[in-house]
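Please examine the sequence and the three-dimensional structure shown below.

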Amino acid sequence: MKEGQPKAIYLKDYKVPPFLIEETNLHVDIHDDVTTVTTTLKVVKNSEAASEDQVHLVLDGSKDLATQSVAIDGRALTDNEYRVDDDELSVFEVPEQFELTTTIQIKPQDNTALEGLYKSGDMYCTQCEAEGFRNITWYLDRPDVMSKYTTTVVADKASYPILLSNGNDIDRGEEGDRHWVTWQDPFMKPAYLFALVAGDLQHIEDEFVTMSGRKVKLQIFTEPHNIDKVDYAMLSLKNSMKWDEEVYGREYDLDVFMIVAVESFNMGAMENKGLNIFNTSCVLAHPETTTDAAYQRVESVVGHEYFHNWSGNRVTCRDWFQLSLKEGFTVLRDQQFSADMGSPTVCRVNDVAVLRSAQFPEDAGPMAHAIRPDSFIEINNFYTATVYEKGAEVVGMIRTLLGPERFRVGTDLYFDRHDGQAVTTEDFVKAMEDANGVDFTQFRTWYRQAGTPVLDVTGAYDQSAKTFTLNVKQSCPATPGQDQKDPYHMPLKVGLLDEEGNDIRFPVLGLDVSSVDEASGFSAILNLTQAEQEFVFRGIESKPTPSLLRGFSAPVKLRYEYSREELRFLMSHDSDGFNRWEAGQRLALDVIQEIVGQIEAGEEVTVDEHLMAAFDANLTQALEGDKDPNLDKAMIAHMLVLPATSYLIEMSEVANVDAIHQAREAVRTAIAKKLSGLLLSVYKLNQKDVPYQAQAQQIAERALKNVALGYLMQPEDTEMVNLCVYQYESATNMTDRSAALRALVGSAAEAAQEPKEKALNDFYNRFQHEALVIDQWFAIQATCSLPGTLERVKALMDHDAFDIKVPNRMRGLVAQFAMNNIVNFHEASGGGYEFLADRVIELNGINPQMAARILSPLTRWRKYDEERQALMKEQLQRILEVEGISPDVYEIVTKSL
Ligand code: TRP
Ligand code: ZN
């Protein structure tokens with residue numbers, strides 16, 4: 001590495017902090033031109049640290065801190081008693097314990113990276129995870145340094161009537177045009193959980209009575225024009241609080257819980273102690289502006305951030321390598337919550353779809369890392385699908401292996417044992433072991449090995465012995481820095497179907513089974529531990545059909561040679577709802593892959609009848625309703641969706657983007673043509689004129705209707721275009737309106753061209769003051785798979801409403817194009833790659849975290865043909881040569897070249 005280039009840090013180099021900060025006192029004086037932060041820290045040497053590291057105190061900061069003064073115990077230090085480097089403050093030869101006071105100046109109004117204190121529109125807010133606090137003041141900005149915070153915020157009274165920070169407001173006052181509020185957080189916390197807000201905000205208020213009878217004040221703050229859109233978040237918050245008491249026995253601990261909605265935010269939301277800060281996209285909801293999917297996201301993110309109060313805040317991370325300790329576990333918790341609030345099977349299907357289309361490619365790419373990485377250059381780059389979603393799968397596997405009751409005994413011990421501490425994933429696993437007397441030595445492989453394991457399974461029935469033998473081989477592909485892989489311990493949930501499609505209640509004696517699940521049939525949870533293993537099921541009277549990896553019991557790729565008949569059989573009979581969907585996906589995948597082959601060979605495209613029959617059956621079921629109680633409308637809607645293009649790409653050796661897209665479209669068109677009558681009936685049956693509610697039955701009906709609309713719009717058909725225009729114009733909710741707009745925009749039909757432009761104009765004019773809807777307006781255009789989209793996207797960059805500095809807007813246009821418009825992004829000229837690289841370079845100087853995030857599609861070059869590989873690498877190379885490349889972008893580019 002060249003000198004001055006960013007350096008990696010390693011988990012193995014972890015050392016306890018040399019100093020501790022018992023108390024933190026912040027005085028934040030906000031003025032339009034400059035904000036002055038005066039910080040007083042009660043510092044002591046850490047008795048567990050080496051004394052040679054305790055001679056000088058070295059604090060984290062950034063070059064944007066303009067240091068005005070440094071004092072110890074009230075005495076201002078002279079120039080030779082401390083040194084300010086770019087991102088470090090060294091205070092020389094400090095005593096055992098002392099009070100350090102620093103005064104710095106910052107300009108939040110210029111902070112476009114949105115880390116630390118910054119402005120979102122007219123309001124001031126903070127984002128401190130992971131290492132943002134160092135942009136606010138000099139500090140030991142690491143999660144294992146926990147402190148008691150008292151914060152005074154001072155600002156202009158008229159412009160910033162609301163001043164918030166963590167904990168309880170203990171004092172306030174005013175002087176002339178200015179006022180101040182002092183907040184005190186009674187809980188020790190790491191700096192990344194600090195938050196501050198100053199703005200002209202309105203709020204709604206409610207109350208929650210905890211299981212021990214304490215009253216908690218709940219407040220949600222927004223800018224005034226959004227105050228009509230926070231009721232659903234409040235409902236979700238109360239549901240979350242109740243759920244965590246019931247399911248995990250966890251009670252809220254402060255007297256107030258606040259959520260603030262901000263427009264400019266790098267991620268979804270942040271669990272700051274007692275003062276969550278949310279991206280507006282994850283908190284605002286209103287029928288006219290918010291889709292069903294967005295409602296569901298609000299519920300899950302509100303839950304997620306709330307659940308962090310225990311899994312993250314009360315028990316926090318020792319260092320950032322442990323990120324999955326809080327994120328994996330909390331994602332599992334929010335997934336369980338959403339499942340309990342709605343349909344568990346639908347939730348599981350969605351979660352697995354996300355894992356497959358976002359995490360599997362990551363695990364197969366140049367940035368592959370274990371859920372507990374062992375090194376990084378920029379921690380912001382590790383807020384990944386692997387740490388979050390695969391992390392949730394890993395904790396979920398512990399739950400599956402133990403069963404829900406023993407898992408709860410484990411989490412109780414974990415929370416009790418480590419309350420108030422900053423701990424590691426190892427501590428989590430240990431608590432699970434100790435609470436249950438089990439040995440998870442081999443299971444720990446999941447925390448250190450990257451890559452998606454593959455299970456190659458075969459089944460053999462022996463008629464005379466009445467045995468069915470499953471042979472399971474597990475392997476894991478090499479990933480950067482990890483050539484050799486050890487076998488994992490994982491739960492393989494298996495059922496066997498008899499000829500009627502009923503579960504066989506086989507004896508588990510002699511099988512290595514961790515538990516049995518009889519909730520909706522009969523499954524055994526097999527302990528997979530070896531590279532190759534055999535499971536012999538006895539007393540099986542006739543040849544069974546195995547239902548493997550039920551509920552997606554492990555985050556793996558399962559290979560089993562199912563015939564198309566067997567898949568059809570599982571689709572209509574499996575007692576495991578997830579595997580019914582999965583059988584349909586396998587069938588569709590198989591058929592689409594066959595068509596890709598036909599296209600590549602220049603043969604005529606034929607769509608297999610098995611798939612047609614499956615869709616016919618699903619649509620018929622949707623019309624007849626209650627015939628099969630295991631297949632509700634929500635599930636049928638999911639079963640009618642073909643595997644995502646990203647997943648199809650992930651499942652091919654060298655992805656032929658055009659052929660994959662063409663094949664998927666061909667299947668859609670064939671279904672639409674052959675089953676148009678059924679589709680139209682399903683559409684009409686589910687077109688209901690009822691006041692909007694974000695409630696399961698309604699959501700399922702809208703989903704079914706809009707999936708049907710998508711198919712109906714596939715062939716050129718003027719009548720369907722008219723139907724779509726009618727839906728667009730008469731819609732009373734955003735789900736229906738945006739689905740119609742999307743279908744129109746995506747239509748190549750001659751009859752759709754004029755209506756589409758008209759609808760786009762109407763949509764814009766109607767919602768121009770609703771930022772989140774305008775994000776959708778950009779996204780719908782950016783994800784259109786028709787030719788010419790790249791030009792349209794480029795033109796939209798010049799639209800008045802486009803602003804690359806606002807992450808939601810940038811994502812709506814740029815990231816949506818690069819990630820969700822696979823054919824156009826990969827157009828053969830390389831224009832899509834060049835466009836993305838230009839945006840990365842532009843964002844590098846504005847918001848490095850976002851620049852690095854949107855770059856990921858370019859890093860997946862290994863999946864494509866040689867021409868595209870060369871074009872993609874050329875753009876990566878061009879990014880690398882940029883003057884002043886940020887560590888964020890540098891890390892992703894160098895690791896992928
Ligand atoms: N802890 C947050 C969550 O998952 C993640 C987060 C929010 C974040 N904002 C961030 C991470 C900014 C890095 C940078 O709930
Ligand atoms: Zn989180």
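**Structural briefing**

Ala130 is placed in the loop between β11 (123–127) and β12 (146–156); helices (H or I, at least four residues) and strands (E, at least two) are DSSP runs, numbered from the N terminus. This is a predicted model, in which local features need pLDDT of at least 70, side-chain atom pairs count only at pLDDT 80 or more, and totals for chains, interfaces and linings use all residues. Residues are numbered from 1 along each chain as its sequence is written, chains are lettered from A and ligands numbered from 1 in the order in which they are written, and side-chain values use heavy atoms, with hydrogens and water left out.

**Backbone features in loops**

- The peptide bond leading from Glu129 to Ala130 is cis, and its omega is near -5°.
- Leu114 is not a glycine, yet it has a positive phi of about 60°.
- Leu114 belongs to the loop between β9 (97–106) and β10 (116–120).
- With 4% relative accessibility, Leu114 counts as buried; buried means under 20% relative accessible area, exposed over 50%, and partly exposed in between (1.4 Å probe, protein chains only).
- Lys466, also a residue other than glycine, has a positive phi near 55°.
- The loop between β25 (454–462) and β26 (467–475) holds Lys466, which counts as partly exposed at 28% relative accessibility.

**The zinc site**

- The zinc ion (ligand 2) is coordinated by His304 (NE2), His308 (NE2), Glu327 (OE) and Glu327 (OE), at 1.9 to 2.7 Å.
- Donors are N, O and S atoms within 2.8 Å of the metal (3.2 Å for Na, K and Ca); water is not among the atoms, so sites may look incomplete.
- The donor residues of the zinc ion (ligand 2) follow the spacing H-x3-H-x18-E in sequence.
- His304 is buried, its relative accessible area being 8%, and His308 is buried with a value of 0%.

**Helix packing**

- Helix α4 (residues 344–363) packs against helix α10 (residues 577–600) at an angle of about 45°, and their axes are 9 Å apart.
- Axes are lines fitted to C-alpha atoms, for helices over the stretch in contact, and angles run from 0 to 180 degrees between N-to-C directions.
- The helices α4 and α10 are therefore oblique to each other; angles under 35 degrees count as roughly parallel, over 145 as roughly antiparallel, 65 to 115 as roughly perpendicular and the rest as oblique.
- Thr345, Arg348, Val349, Val352 and Arg356 in α4 meet Gly577, Phe578, Trp581 and Glu582 in α10, where contact means heavy atoms within 4.5 Å.
- In helix α9 (residues 564–573), the buried residues are Arg564, Glu566, Leu567, Phe569, Leu570 and Met571.
- These buried residues of α9 pack against β27 (490–497), β31 (545–547), α10, α11 (609–624) and α12 (633–639).

**Pro18 and Ala49**

- Pro18 is located in the loop between β1 (9–10) and β2 (19–30), and Ala49 in the loop between β3 (35–45) and β4 (57–60).
- Residues up to four places away in sequence not being counted, Pro18 touches Lys45, Asn46, Ala49, Asp53, Gln54 and Arg142.
- Ala49 counts as buried, at 15% relative accessibility.
- Pro18 and Leu140 are 122 residues apart in sequence, and their C-alpha atoms are 9.7 Å apart in space.
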